[in-house]
Amino acid sequence: NSSEFITKYRTCRRRVRECSGEADHHEGMSSDDELTPTEMTEFQKSKDNVLEDSKKVFEDVHADFCDIRKILLKFQEWKEKFPDSYCDAYISFCLPKLLNPLIRVQLINWNPLEQNSTELEEMPWFRAVEEFCDAGNVSESK
């Protein structure tokens with residue numbers, strides 16, 4: 001049972017604090033999410049491995065097919081040159097599925113809770129999608 005485990009874990013931590021003479025601890029103020037230095041090192045190593053592997057995901061893909069801006073430019077050209085065909089292909093439904101893996105790779109290291117984290121709206125892929133949507137609104141208004 002998980003509640004029994006948590007209770008035993010907290011009891012063990014309390015005993016360790018008592019034995020170490022940690023006098024400034026206030027009951028209920030500790031975090032169960034505290035990681036030991038070993039756990040932090042293992043986490044950082046695992047994170048670095050994932051980030052390194054993520055760089056290899058598109059290494060064998062032609063540059064025109066792994067750059068969101070270039071992909072959207074091709075679709076914009078299609079939309080402008082052949083609007084009926086573009087509309088009949090339901091591209092607005094296909095683009096999210098097409099761009100999903102490209103965006104996910106770029107978001108692997110993104111942590112919105114970090115202070116120095118890049119805002120979502122400032123990311124290159126977000127701006128590319130935003131420009132594509134704005135270009136569509138301009139051409140539709142014409």
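Keep in mind that the model is predicted. The tally is two salt bridges, four aromatic pairs and zero disulfides.

**Salt bridges**

- Side chains of opposite charge can pair when their charged atoms come close.
- Arginine 69 pairs up with glutamate 131, and their closest N and O atoms are 2.5 Å apart.
- Since arginine 69 sits in helix H3 (residues 68-81) and glutamate 131 in helix H6 (residues 124-141), this bridge ties together parts that are 62 residues apart in sequence.
- Aspartate 64 and lysine 70 make another salt bridge through their side chains, at 3.9 Å from N to O.
- That N-to-O distance of 3.9 Å counts because the cut-off for a salt bridge is within 4 Å.
- Aspartate 64 is partly exposed at 30% relative accessible area, and lysine 70 is partly exposed too, at 35%.

**Aromatic pairs**

- A pair of aromatic rings is described by the distance of the centres and the angle of the planes.
- The search of the whole structure turns up four aromatic pairs, and one of them is tryptophan 78 with tyrosine 86, an edge-to-face pair with 5.6 Å centre to centre and 85° between the planes.
- Tryptophan 78 is partly exposed, with 27% relative accessible area, while tyrosine 86 is buried at 10%.
- Tyrosine 90 and phenylalanine 93 also pair up, this time tilted, with 6.0 Å centre to centre and 35° between the planes.
- Tyrosine 90 and phenylalanine 93 are both exposed.
- Phe75 joins the picture as well: ring pairs link Phe75, Trp78 and Tyr86 into a cluster.

**Serine 54**

- Serine 54 belongs to helix H2, which covers residues 37-55.
- Is serine 54 buried or exposed? Serine 54 is buried, because its relative accessibility is 11% and the cut-off for buried is under 20%.
- Leaving aside residues up to four places away in sequence, serine 54 touches Val105 and Ile108.

**Cysteines**

- How many disulfides does the model have? The count is zero.
- Cysteine 66 is partly exposed, with a relative accessible area of 26%.
- Cysteine 94 is partly exposed as well, at 38% relative accessible area.

How values were computed
Residues are numbered from 1 along each chain as its sequence is written. This is a predicted model: local features need pLDDT of at least 70, side-chain atom pairs count only at pLDDT 80 or more; totals for chains, interfaces and linings use all residues. Side-chain values use heavy atoms; hydrogens and water are left out. A disulfide is a pair of cysteine sulfur atoms within 2.5 Å. Buried means under 20% relative accessible area, exposed over 50%, partly exposed in between (1.4 Å probe, protein chains only). Helices (H or I, at least four residues) and strands (E, at least two) are DSSP runs, numbered from the N terminus. Contact means heavy atoms within 4.5 Å. Rings of Phe, Tyr and Trp (its six-membered ring) pair if their centres lie within 6.5 Å; planes under 30 degrees apart count as stacked, over 60 as edge-to-face and the rest as tilted.
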